[in-house]
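Let's take a walk through a protein model together.

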Amino acid sequence: LDVSGATLKGSFDAVTTRLYAHYAVSDDAKIYVSVSEGFRSGGFNPAASVALGAPATFDPEELLSYELGTKLSFPENGLSVEAALFYSEYSDIQILGLAGGLGFGFTGNVGEAEIKGLEWAVKWTPIASLTLGFSGDTVDTEFSSINATSTGHIVGDPIDLVPDYSVSISADYEFSWSNDA
């Protein structure tokens with residue numbers, strides 16, 4: 001409902017595409033390239049926030065992403081490696097803001113950003129029952145334009161809640177307690 005008690009209506013839909021091609025250099029080495037679109041629905045802001053000046057609706061977000069990667073395996077050493085470079089153009093970014101200085105939250109579209117990075121995963125099976133893993137990524141995000149009149153972001157700022165680095169280490173050991181378990 002909006003502030004007048006009327007029901008707000010809207011339609012937020014999209015058809016997204018993905019193009020993907022890969023080439024097997026050998027049985028143990030593959031390269032791929034991908035171009036894909038992403039979409040997150042728009043929506044409606046709370047009536048109390050709209051009464052304090054927030055917009056009634058916010059637009060969908062869109063993402064155009066490019067990726068170049070490889071998958072390698074070295075079966076004689078029990079090793080597999082995956083790595084990918086990516087670049088994304090992110091538009092109509094939805095950010096939570098405050099209306100009227102009273103703490104009423106609303107969502108607005110604040111601008112565009114670029115996202116680029118590298119992700120990797122390495123798995124090694126030194127013995128049949130044990131697999132060790134190391135994976136992670138490094139990501140650089142940056143607002144490339146701001147179209148909001150009131151926001152805590154400026155061109156060049158990173159996108160909120162996106163870490164610069166992420167790393168994971170794992171160890172899996174498989175065994176059987178008995179023939180039945």
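Which residue takes a positive phi in the hairpin of S5 and S6? It is Gly78, with a phi near 70°, in a hairpin that has four residues between the strands. Keep in mind as you look around that this is a predicted model.

**The overall picture**

The protein chain has one helix and eleven strands. Read along the sequence, they follow the pattern β-β-β-α-β-β-β-β-β-β-β-β. The C-alpha trace spans about 70 × 40 × 30 Å along its principal axes. The radius of gyration of the protein chain is 23 Å, whereas a compact globule of 181 residues would have one near 16 Å. Buried residues make up 23% of the 181 residues. Now consider contacts between residues at least 6 apart in sequence: 56% of them join residues at least 24 apart.

**The sheet**

Seven strands form an open sheet in the order S1-S2-S5-S6-S9-S10-S11, with antiparallel pairing. Its edge strands are S1 (18-26) and S11 (165-173), each of which pairs on one side only. On average, neighbouring strands of this sheet are turned by 15° against each other, direction ignored.

| Strand pair | Sense | Bridges |
|---|---|---|
| S2 and S5 | antiparallel | twelve bridges |
| S5 and S6 | antiparallel | 13 bridges |
| S10 and S11 | antiparallel | nine bridges |

You can follow these pairings residue by residue. Val33 has Leu68 in S5 as its bridge partner, and Leu68 stands opposite Leu85 in S6. Towards S11, the bridge partner of Ser135 is Ser168.

**Aromatic pairs**

A search of the whole structure finds six aromatic pairs. One of them joins Tyr66 and Tyr87, which are stacked, at 6.3 Å centre to centre and with 25° between the planes. Tyr66 lies in strand S5 (residues 61-74) and Tyr87 in strand S6 (residues 79-91), so this pair ties together parts that are 21 residues apart in sequence. Tyr66 counts as partly exposed at 33% relative accessibility, and Tyr87 is partly exposed too, with a relative accessible area of 26%.

Phe175 and Trp177 form an edge-to-face pair, 5.2 Å centre to centre with 70° between the planes. Are these two residues buried or exposed? Phe175 counts as exposed at 51% relative accessibility, and Trp177 is exposed with a relative accessible area of 71%. Ring pairs also bring in Tyr173, linking Tyr173, Phe175 and Trp177 into a cluster.

In soluble globular proteins, nonpolar side chains tend to be buried together. The largest nonpolar core here has ten residues in all: Phe86, Tyr90, Ile93, Ile95, Val110, Ala113, Ile115, Val139, Phe143 and Ile159. The elements that give two or more residues to this core are S6, strand S9 (111-127) and strand S10 (130-146).

What is Ile95 in contact with, leaving aside its neighbours within four places in sequence? The contacts of Ile95 are Phe106, Thr107, Gly108, Val110, Phe143, His153 and Asp160.

Key:
Residues are numbered from 1 along each chain as its sequence is written. This is a predicted model: local features need pLDDT of at least 70, side-chain atom pairs count only at pLDDT 80 or more; totals for chains, interfaces and linings use all residues. Side-chain values use heavy atoms; hydrogens and water are left out. Rings of Phe, Tyr and Trp (its six-membered ring) pair if their centres lie within 6.5 Å; planes under 30 degrees apart count as stacked, over 60 as edge-to-face and the rest as tilted. Buried means under 20% relative accessible area, exposed over 50%, partly exposed in between (1.4 Å probe, protein chains only). Two strands pair if DSSP finds at least two bridges between them. A nonpolar core is a set of buried Ala, Val, Leu, Ile, Met, Phe, Trp, Tyr and Cys residues joined through side-chain atoms within 4.5 Å. Contact means heavy atoms within 4.5 Å. Axes are lines fitted to C-alpha atoms, for helices over the stretch in contact, and angles run from 0 to 180 degrees between N-to-C directions. The radius of gyration is taken over C-alpha atoms; the globule rule is 2.2 Å times the number of residues to the power 0.38.
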